[in-house]
Amino acid sequence: MSDKKEQQNIDIEPNSSNTDEQLEVVPQNKRFRRFLFWSILIFVVTPPVILSSWLSTKGIHLNNVSGLTFNNGIAAKKISVSIDNTTIDLENLSLRRNKNKETGDVSYHLFAVKSSVKLPKAATKALAAQNIKLNYIHFYDADLKFTHFSTPFRFTAHARKVTSSALHTNSVTGWPNAVQILEDVNVNFDTDPHISLTGNMAKGVITLFFPDYNPSPHYRLPFNDGSFSISWQGDATPFKINIGTMEPQWETLYSILEKQVITNAGFSIDFKHPTESMVLTANKLHLEEPKFLPKFVERADINNKGYHLGQTIANLAQLPMHKFRVKSFTYGDLILDARMLLETPTADNKKATKKPKKKKKKKKIQTQQDLDKKEAELKAKQQAEELNIAEETHTKAKFIVRGKALAPDPYNLDVTVRHLTKTDARVHTSLVRNDGNRLDCDTVILFAQPLPKYMNCNAKFKGTKEFTDRLGLKGLPDAKINGPLRFVAIQTEAPVDAPKDKRMLVDNKLATAYYDVGFELPESFAISLNKYAIPAGLLKRKLRKQLIN
């Protein structure tokens with residue numbers, strides 16, 4: 001019995017030892033799982049935390065990140081950051097650090113398949129104040145190279161394509177967005193000596209619209225070879241943009257030109273002094289009248305070509321720019337290959353001063369056309385003095401057009417507008433052709449109304465039909481003239497018995513105007529009334545009625 005008990009005791013001891021080992025294994029497994037859990041947690045969480053902290057020291061705030069990996073740099077499927085309240089979302093991003101062995105300079109190379117930029121609230125509010133809502137700004141295959149993050153801060157960037165979409169904040173549902181596209185874009189940013197941004201693009205499409213007018217027509221402008229620059233210099237913020245060629249693609253009213261084209265277009269402005277610095281230039285500006293125009297641009301008559309001359313000059317005078325210069329301007333068949341210069345009244349509105357005398361050059365041989373022009377100007381001046389129209393001192397502002405007009409077999413066109421003040425101007429217009437037809441007009445225009453304050457025209461036409469037909473005014477009376485013709489109109493105050501509403505303009509349209517009108521006619525001329533002729537039957541009835549009475 002004693003042997004059996006001993007044997008039982010021997011059998012029990014090993015079992016108790018196994019149980020103790022098992023009890024020890026359980027805590028070890030728990031510790032290993034905890035170690036593994038915390039290792040994975042630290043490995044996953046620490047890099048974004050370190051990355052976020054490092055970016056924060058550079059003024060970049062990490063919003064969220066996913067798909068983060070580390071392999072010769074940093075890569076992420078999606079990442080969102082904020083820089084100066086501007087949110088940038090990047091997809092399929094990679095960031096690598098490079099060090100130049102020779103100079104020791106460190107640079108960073110950032111690439112993203114797609115990037116989206118959301119402007120800060122201050123910028124969106126500023127655009128909303130202009131009735132513009134910017135839907136998005138997208139960059140495709142954007143490649144940024146940062147030289148370093150310390151001052152002076154520099155980087156270069158390239159994007160295969162940049163797109164953005166804008167629309168009216170108060171537009172109706174379904175109104176198309178104005179899409180802007182830039183391709184093959186290069187940008188350079190520098191903070192030394194001033195913050196500046198320069199760049200160029202191979203081609204693109206600009207879609208213009210008028211945010212203050214809803215709905216506004218869209219004007220599509222594909223272009224090639226563009227460049228821009230902007231610099232923040234404290235007391236000045238100059239901005240320049242140049243475009244090699246541009247081919248407008250808006251629907252035209254008449255389809256006269258084979259192709260609309262703009263070459264070597266340049267635009268510059270100082271945003272600190274916009275109205276005194278805005279300059280627009282072009283070598284060639286060959287355009288046609290768009291079929292759809294904003295409401296503030298009104299045609300004289302939808303059935304006739306052109307615009308109201310007085311209203312056009314008034315609108316040009318009030319443009320928010322300093323200078324507009326074109327070497328070759330063509331507008332349908334109305335104006336052909338004309339040189340154009342516009343200098344609007346600036347803030348100081350200084351009077352024109354006489355230029356210092358230059359060294360005498362060889363006298364230019366004057367043509368008969370030059371002599372006729374000088375004679376017409378002297379005649380207009382003398383006639384104005386006879387009517388007590390003062391020759392006022394003009395300002396530096398002017399608008400000059402010299403070229404040809406009214407194709408085919410065009411007239412030589414010469415229009416000179418000299419601003420007297422910010423509200424009125426003196427206009428000299430001349431149309432001359434080799435066959436002897438000539439029209440010279442001296443006019444004073446008030447910008448607040450479309451009609452002249454004073455107008456004096458001298459004409460020499462063998463017949464008026466050919467000239468009025470060129471203007472698209474068909475069916476008007478045709479006068480066969482055997483001598484010079486003069487027309488004078490001087491604006492007067494409304495008479496006592498005039499309607500109470502004496503406004504000349506109502507809703508930007510002519511309502512009422514009063515003139516003293518005078519004519520100087522040649523000894524003889526014949527007029528064909530055309531569509532204004534009185535029917536013969538009506539004359540017979542009136543004559544018969546008079547005979548009966």
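**Figure 1. Gly463, a buried glycine in a loop.** In this predicted model, Gly463 counts as buried, at 13% relative accessibility. Gly463 belongs to the loop that runs between strand 20 and helix 6, the latter spanning 465–470. Leaving aside residues up to four places away in sequence, Gly463 touches Asp478 and Ala479.

**Figure 2. The disulfide of Cys441 and Cys457.** The sulfur atoms of Cys441 and Cys457 are 2.0 Å apart and form a disulfide. The count of disulfides in the model comes to one. Cys441 lies in strand 19 (residues 438–446) and Cys457 in strand 20 (residues 452–460), so that the pair, 16 residues apart, links distant parts of the chain. The link of Cys441 and Cys457 is right-handed, with 115° about the S-S bond. Are these two cysteines, Cys441 and Cys457, buried or exposed? Both Cys441 and Cys457 are buried.

Figure 3. Lys398 is part of strand 16, which covers residues 398–405. Why is Lys398 classed as buried? Its relative accessible area is 15%, and the class takes in values under 20%. Which residues does Lys398 touch, not counting those up to four places away in sequence? They are Leu341, Leu342 and Glu343, together with Val417, Arg418 and His419.

**Figure 4. The loop between strand 16 and strand 17.** Two residues of this loop are shown, Leu406 and Pro408. Strand 17, at one end of the loop, spans 411–419. Most residues other than glycine have a negative phi, and most peptide bonds are trans. Leu406 has a phi near 65°, a positive value in a residue other than glycine. At 4% relative accessibility, Leu406 counts as buried. The peptide bond that joins Ala407 and Pro408 is cis, with omega about -5°.

**Figure 5. The cis bond from Asp192 to Pro193.** A further cis peptide bond runs from Asp192 to Pro193, where omega is near 0°. Where does Pro193 lie? Its place is in the loop between strand 8 (178–190) and strand 9 (195–208).

**Figure 6. Ser255, an exposed residue with positive phi.** The phi of Ser255 is near 55°, which is positive in a residue other than glycine. Ser255 sits in the loop that connects strand 11 (238–246) with strand 12 (261–270). Is Ser255 buried or exposed? With 55% relative accessibility, Ser255 counts as exposed.

Figure 7. Val517, Phe519, Leu521, Phe525 and Ile527 make a nonpolar surface patch of about 500 Å². Strand 25 (515–520) and strand 26 (525–528) are the elements that give two or more residues to the patch. Leu521 is found in the loop between strand 25 and strand 26.

Figure 8. The protein chain holds seven helices and 26 strands. Of its 549 residues, 34% are buried. Among the contacts in the chain with a separation of 6 or more, 53% are between residues 24 or more positions apart. The accessible surface of the chain comes to about 35,400 Å², and 56% of this surface belongs to carbon and sulfur atoms. The mean pLDDT of the chain is 75, with 67% of the residues reaching 70 or more. Where does pLDDT stay under 50? One such segment is residues 7–14, for which the model has zero contacts beyond four places in sequence. Another is residues 545–549, again with zero contacts beyond four places in sequence.

Conventions
Residues are numbered from 1 along each chain as its sequence is written. This is a predicted model: local features need pLDDT of at least 70, side-chain atom pairs count only at pLDDT 80 or more; totals for chains, interfaces and linings use all residues. Side-chain values use heavy atoms; hydrogens and water are left out. Patches are made of residues with over 30% relative accessible area and no salt bridge: like charges are joined within 9 Å, nonpolar side chains (Val, Leu, Ile, Met, Phe, Trp, Tyr) within 5 Å. Accessible areas come from the Shrake-Rupley method with a 1.4 Å probe; for residues, only the protein chains shown count as cover. A salt bridge is a side-chain nitrogen of Lys or Arg within 4 Å of a carboxyl oxygen of Asp or Glu. Helices (H or I, at least four residues) and strands (E, at least two) are DSSP runs, numbered from the N terminus. pLDDT is the predictor's confidence in each residue, from 0 to 100. Contact means heavy atoms within 4.5 Å. Buried means under 20% relative accessible area, exposed over 50%, partly exposed in between (1.4 Å probe, protein chains only). A disulfide is a pair of cysteine sulfur atoms within 2.5 Å.
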